[in-house]
Amino acid sequence: MVALLAILILLSANNGVESRKAKVTDYFEYSAISCRAYGASLTDFGGVGDGTTSNTKAFQAAIKHLSQYSSRGGSQLFVPPGKWLTGSFNLSSHFTLFLHKDAVLLASQDESEWPLVEPLPSYGRGRDTEGGRFSSLIFGTNLTDVIITGGNGTIDGQGEVWWEKFHKGELKYTRPYLIEILYSNKLQISNLTLVNSPSWNVHPVYSSNVVVQGITILAPVRSPNTDGINPDSCTNTRIEDCYIVSGDDCVAVKSGWDEYGIAFGMPTKQLVIRRLTCISPTSAVIALGSEMSGGIQDVRAEDIVAIDSESGVRIKTAIGRGGFVKDIFVRGMTMKTMKWAFWMTGNYGSHPDNNYDPNAIPVIQNINYRDMVAENVTMAARLEGIPGDPFTGICISNVTIELAKTAKKLLWNCTDIAGISSAVKPQPCDLLPDQGPEKIAACVFPEDTLPIDDVKVQTCSYRRKYL
Ligand SMILES: *[C@@H]1O[C@H](CO)[C@@H](O)[C@H](O)[C@H]1NC(C)=O
Ligand SMILES: *[C@@H]1O[C@H](CO)[C@@H](O)[C@H](O)[C@H]1NC(C)=O
Ligand SMILES: *[C@@H]1O[C@H](CO)[C@@H](O)[C@H](O)[C@H]1NC(C)=O
Ligand SMILES: *[C@@H]1O[C@H](CO)[C@@H](O)[C@H](O)[C@H]1NC(C)=O
Ligand SMILES: *[C@@H]1O[C@H](CO)[C@@H](O)[C@H](O)[C@H]1NC(C)=O
Ligand SMILES: *[C@@H]1O[C@H](CO)[C@@H](O)[C@H](O)[C@H]1NC(C)=O
Ligand SMILES: *[C@@H]1O[C@H](CO)[C@@H](O)[C@H](O)[C@H]1NC(C)=O
């Protein structure tokens with residue numbers, strides 16, 4: 001009798017948990033730049049979250065079905081707790097993908113789950129191999145108003161097999177990225193954790209009005225080309241509150257490669273990066289290039305923390321790139337354990353093929369770094385312009401660099417550059433003449449705001465409708 005009562009109580013308690021769970025996943029609120037009228041769960045389309053069943057078809061069917069609501073208030077697809085193995089799938093317009101905090105998308109390691117897509121026109125070829133590329137896990141092209149978000153749910157690229165193929169030279173095509181969106185307007189990628197990408201993590205390209213917010217990116221620091229966030233030929237982008245540990249640059253700003261990028265001619269401009277924490281022992285916190293042939297202009301970075309990284313802000317370019325990197329503004333950076341606080345490289349090389357134009361000289365101009373502290377630094381700066389094509393208008397002010405015990409004798413190595421400095425320790429090279437302590441605020445940081453800062457999130461709700 002007592003036992004029966006206990007069982008009954010247990011059962012009813014369980015029912016309570018079940019129905020509370022059902023409520024949690026049938027209705028919740030979250031913040032996004034656009035809200036949606038319709039909502040469905042991946043399980044409505046046959047999704048199975050057991051970690052071994054492929055959900056590629058479920059994702060494709062769900063998004064195809066939900067795309068009919070694009071012009072009727074938009075739709076949202078909810079991914080519940082579970083491990084959802086999947087290959088590549090495509091997004092649609094006025095669409096939100098939402099990952100529950102305990103949802104893990106597991107990227108398939110089976111190549112047949114990854115369709116091939118054309119090389120990007122501004123690159124002329126894949127980054128790993130000539131010709132085609134595996135489509136990214138989450139892919140979209142020619143879209144308007146797309147959101148990928150969650151309660152910090154996870155996308156696991158299971159990249160080891162791809163890294164191994166890369167190291168052994170066994171790749172037939174360029175490795176997939178985790179998220180790649182082309183030719184689109186109005187994107188939000190937020191509140192997610194991305195781990196072990198096969199290659200780059202987040203790649204918005206030829207797009208505008210992009211918000212990347214609250215993303216954690218984790219990859220082994222020796223994994224090849226696991227760049228964090230790569231805005232590429234994008235206008236009006238905001239990257240904020242991200243934490244990135246990776247085997248390559250944490251943020252790499254790009255705009256196409258040599259003759260292909262020059263012909264395509266689409267710059268990355270009006271980019272804000274703020275509140276970024278980066279650990280990148282083999283690469284840069286923020287890289288500008290090396291593919292910058294369409295130009296990079298008006299980048300504003302502030303409140304950046306770098307730990308155990310090779311370099312802080314790095315400009316990478318080469319003869320043959322053409323294009324420009326100009327009007328770059330960085331302030332408020334804290335660096336700890338760095339090889340070089342500042343690095344500019346004019347002879348990066350790395351050409352897509354031998355048809356690059358040796359007369360295509362990049363223009364590097366108006367680069368401003370201010371209000372920074374660094375400690376345990378091996379060499380303050382390595383600033384190498386291009387002979388006959390100096391990098392000009394470099395301004396460094398109010399920067400204190402404490403050296404490591406193992407610091408180099410030569411702390412600033414400057415060639416083919418021109419600019420000024422003030423209130424910088426240790427004393428910069430002669431090519432950056434000191435303007436005196438009263439010019440501590442010499443390097444500008446724009447006071448106006450960019451249009452992307454006017455894009456606000458609102459409170460949206462998900463309600464499951466059995467469609
Ligand atoms: C996604 O779209 C691209 C470009 O339209 C296409 O090549 C690819 O096959 C599509 N992928 C899937 C899984 O449908
Ligand atoms: C996407 O937009 C680009 C640029 O406008 C255009 O060249 C391309 O044909 C479009 N692709 C599709 C699949 O509509
Ligand atoms: C998303 O992250 C922001 C901070 O970046 C936080 O304010 C917000 O509550 C998070 N939203 C969800 C749904 O977790
Ligand atoms: C999201 O998850 C990652 C990985 O577990 C964690 O490091 C990070 O702190 C989480 N972010 C938030 C905002 O909870
Ligand atoms: C300083 O940097 C070196 C590597 O260059 C590292 O081994 C050491 O632990 C760092 N020291 C501190 C105090 O962070
Ligand atoms: C110098 O930089 C520090 C941060 O490193 C900042 O707190 C301080 O306000 C700056 N000083 C001036 C005069 O801008
Ligand atoms: C300084 O930079 C120049 C140009 O890149 C290079 O040739 C030279 O070896 C460097 N010197 C030192 C001491 O690192």
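The model is a predicted one. Its C-alpha trace extends over about 90 × 50 × 45 Å along the principal axes. The secondary structure of the chain comprises four helices and 28 strands. Of the 467 residues, 53% count as buried. Among contacts with a separation of 6 or more, 78% are accounted for by residues 24 or more positions apart.

Helix H3, formed by residues 160-168, has Trp-162, Trp-163 and Phe-166 as its buried residues. These three residues lie on the same side of H3, because the arc that they cover around the axis is only 100 degrees. In general, an α-helix has 3.6 residues a turn, so residues three or four places apart point the same way. Glu-164 and Lys-168 are exposed on the other side of H3.

The shell around ligand 6 consists of Asp-371, Met-372, Val-373, Asn-398, Ile-440 and Ala-441. Strand S24, which covers residues 363-384, supplies three residues, the largest share of this shell. In terms of residue class, four residues of the shell around ligand 6 are nonpolar, one is polar and one is charged.

Technical notes
Residues are numbered from 1 along each chain as its sequence is written. Chains are lettered from A and ligands numbered from 1 in the order in which they are written. This is a predicted model: local features need pLDDT of at least 70, side-chain atom pairs count only at pLDDT 80 or more; totals for chains, interfaces and linings use all residues. A residue is buried if 20 or more other C-beta atoms lie within 10 Å of its own, exposed if 12 or fewer, and partly exposed in between; C-beta atoms are placed from the backbone. Helices (H or I, at least four residues) and strands (E, at least two) are DSSP runs, numbered from the N terminus. The arc is that of the directions from the helix axis to the C-beta atoms. A residue is near a molecule or strand if its C-beta atom, placed from the backbone, lies within 6 Å of it. Ala, Val, Leu, Ile, Met, Phe, Trp, Tyr, Cys and Pro count as nonpolar, Asp, Glu, Lys and Arg as charged, and the others, Gly among them, as polar. Two residues are in contact if their C-beta atoms, placed from the backbone, lie within 7 Å.
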